[in-house]
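Here's a guided look at a protein model, one piece at a time. Keep the 3D view open while you read.

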Amino acid sequence: MGKIIQVTDDLRIVQTEPYVWEIPPYGEMRVPGRIYGDRTTVDHLVEDVQAGKSWNALVQIVNVACLPGIQRASLAMADVHPGYGFPIGGVGAFDFDEGVISMAGVGYDINCGVRTMRTNLSRHEIEPKKEDLANALYRTVPAGLGSTGDIKLSVKEVDKVLEKGAEFAVERGYGFPEDLEYVEERGRIAGADPDAVSKKAKEREFNQVGTLGSGNHYLEVQWVEEIYAPDVADAYGLFPDQILISIHCGSRGLGHQIGTDYLQVLEAASRKYNIPIRERELVCAPITSPEGRRYLAAVNCGINCAFANRQAIAHLARLAFQDALGVRPQDIATLYEIGHNTAKVEEHEVDGQIKKLVVHRKGATRAFGPGRQEVPAAYRDVGQPVLVGGTMGTCSFILHGTKRAMETTFGSALHGAGRTLSRQQAKKRFWGGDVITELAQRGIVVRAHSKAGVAEEAPGAYKDVEEVVDIMHNAGIIRKVARLRPLICIKG
Amino acid sequence: MAYEYLDHEADVGIRASGGTLEEAIAEGARAMFGVMTDLNRVGRSEEVPIHCQAGEPAALFVECLNEILFQRDVRHLLFADFQVTRLIHTDAGYELEGIAYGETLDATKHDLWTEVKAATYSGLIYEIKDGRHTLQCVLDV
């Protein structure tokens with residue numbers, strides 16, 4: 001038995017493994033809470049409770065554990081921090097017939113995620129043309145507040161985006177059919193019903209397909225600095241010094257509006273079905289209720305919207321590579337694409353039985369281990385790639401899912417570094433211009449639409465992504481495959 | 001300025017106050033605009049009517065902010081100011097009419113910062129103390 005931390009009269013945290021901590025059920029908790037972290041992770045969560053903060057992740061982990069139909073445990077990955085209702089880094093799986101679907105478990109940026117593409121180029125081939133490439137990417141990929149894309153859509157066409165996802169973008173000439181094989185759900189999740197999405201949400205999407213957005217969203221050109229698992233790296237087509245392109249963005253205004261719309265629908269549903277609302281954002285409906293089914297259909301639309309968006313941006317990035325370096329678009333292949341704000345219907349083994357579940361991953365990725373049919377054939381023997389973005393100027397990781405993840409986290413893992421400084425603190429401490437200069441000295445070219453945004457996203461405002469990844473690696477949930485360093489960063 | 005920003009790890013907390021609920025809502029809207037851009041550089045040539053309703057004042061505040069964000073996206077505007085022109089308490093709850101003032105977003109003229117995705121119910125507070133109305137919520141950015 002490991003350490004025990006008594007947080008309040010009822011709330012206790014017990015260390016069960018070197019990197020696993022449990023909150024034994026009390027009060028209305030139906031399952032335990034489980035946190036993947038080291039002592040620092042847990043101390044940080046405890047301090048927030050003891051300081052009486054209005055938003056704290058530990059209470060959110062407990063609240064999720066109280067929801068009807070939750071399976072096994074209310075989970076928090078090592079990048080856990082306060083969210084809305086669910087913590088960021090939170091995973092909650094619910095029995096399809098008896099459980100609930102919650103807006104808080106998906107959030108406002110539905111299917112926000114990462115696409116990584118691989119080139120055949122090595123770092124030394126890019127170095128001399130880095131500035132040109134950065135300029136081409138900055139010109140070609142619309143980013144920042146209020147940016148609009150080249151794809152202008154009618155209402156009917158928006159419905160097609162919501163139904164067909166990345167396929168729609170490919171049909172419009174953005175990318176290749178081969179890309180789809182390497183996107184979760186093949187870039188098109190089933191069960192998307194455009195009628196479940198409001199006219200307002202669709203109106204926000206008219207000119208936003210193929211735009212990056214702002215905040216922590218980015219496009220990076222990276223190089224493979226270190227390979228940890230050569231056999232898996234081989235399966236993923238990775239080699240040392242290789243140039244990769246990673247895109248982090250989501251479902252833009254459409255996803256945000258679905259969140260806003262369904263917050264009200266699900267608040268009413270929580271009252272209708274007598275589900276106590278423990279935090280105002282933690283509203284939900286039984287999955288099989290009319291409200292639950294409709295929300296799931298809307299979430300699927302948001303998921304497809306983000307797929308289409310990343311597919312379009314991926315192709316714009318290819319065009320920039322062609323423009324600046326003469327690389328043919330077909331020589332840049334999709335390595336993989338994953339979402340980290342989703343609720344998905346999946347089958348998992350729970351207590352020896354295969355169960356149909358809805359798995360919420362809020363700021364958490366899917367991390368399926370070897371053998372799952374959902375993973376592309378080329379990767380099925382080693383498990384799916386898990387793409388973890390660092391912060392501007394630090395590093396990113398490619399990991400793979402494990403059998404242990406399937407057994408303990410419903411095949412889920414962390415999504416990023418997690419902040420340690422608020423945006424306001426970061427803006428006070430850093431100046432965007434200084435951050436850009438400092439990164440330039442380290443060989444990283446930053447092109448940003450907002451200097452203030454750069455300050456908010458300064459590397460110093462985040463936890464060390466390497467520490468967070470190591471916790472999950474040591475806990476056996478994922479295994480490290482490769483570490484990537486940025487060369488160029490395009491910010492919204 | 002009758003608003004302030006609160007430390008929040010991932011997003012931005014805002015707290016706004018005024019002598020009336022109407023004033024507090026307007027201050028909250030200005031706080032939200034101030035996350036996205038330098039308000040001194042945004043003109044006020046466009047006036048957009050805002051209409052929303054909710055069961056209680058705190059939810060009305062969130063609704064109002066989200067309605068403004070919707071108008072920002074579909075009209076491609078940046079806003080600098082907001083006024084509540086009518087706020088009534090009905091049997092069904094609260095109803096608000098107001099006007100958001102701004103102009104067409106222009107990347108060459110405006111200093112564009114971080115896009116607010118949504119106003120949320122997280123950390124949502126409405127309180128009246130010594131005649132001051134205060135509203136608080138977290139903005140998802």
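## A helix with two partners

Keep in mind that this is a predicted model. Let's start with helix α11 of chain A, which covers residues 290-325. How are helix α10 and helix α11 of chain A angled as they pack? The angle is about 170 degrees, and the axes of the two helices are 10 Å apart. Angles over 145 degrees count as roughly antiparallel, so that's what α10(A) and α11(A) are to each other. On the α10(A) side, the contact includes A:I258, A:Y262 and A:V265, while A:Y295, A:A298 and A:G302 are among the residues that α11(A) brings. Sort the residues of this contact by type and you get 10 nonpolar, three polar and two charged.

Now look at helix α5 of chain A, residues 155-164. It packs with α11(A) at an angle of about 95 degrees, with the axes 6 Å apart. Since 65 to 115 degrees counts as roughly perpendicular, α5(A) and α11(A) are roughly perpendicular to each other. Here A:V161, A:L162, A:E163 and A:K164 of α5(A) meet A:C301, A:N304, A:C305 and A:A308 of α11(A). This contact has five nonpolar residues, one polar and two charged.

## Inside the core

Helix α11 turns up again here. The largest nonpolar core has 220 residues, and A:A317, A:A413 and A:M472 touch the most other members. Which helix gives the largest share of this core? That's α11(A), with 18 residues.

Leaving aside neighbours within four places in sequence, A:A317 is in contact with A:L137, A:V141, A:L219, A:I245 and A:I247.

## Meet chain B

Chain B has two helices and eight strands, and from the N terminus on they run β-β-α-β-α-β-β-β-β-β. Its radius of gyration is 14 Å, close to the 14 Å that the globule rule gives for 141 residues, so chain B is as compact as a globular protein of that length. Its C-alpha trace spans about 45 × 35 × 25 Å along the principal axes.

Of the 141 residues of chain B, 51% count as buried. Among its contacts between residues at least 6 apart in sequence, 66% join residues at least 24 apart.

## Where the chains touch

Methods:
Residues numbered from 1 in each chain as written. Chains lettered and ligands numbered in written order. Predicted model: local features only at pLDDT ≥ 70, side-chain atom pairs only at ≥ 80, totals over all residues. Axes fitted to C-alpha atoms, helices over the stretch in contact; angles between N-to-C directions. Helix = DSSP H or I, 4+ residues; strand = E, 2+ residues; numbered from the N terminus. Parallel < 35°, antiparallel > 145°, perpendicular 65-115°, else oblique. Contact = placed C-beta atoms within 7 Å. Nonpolar A, V, L, I, M, F, W, Y, C, P; charged D, E, K, R; others polar. Core = buried A, V, L, I, M, F, W, Y, C linked by C-beta atoms within 7 Å. Buried ≥ 20, exposed ≤ 12 C-beta atoms within 10 Å, placed from the backbone. Rg over C-alpha atoms; globule rule 2.2 N^0.38 Å.
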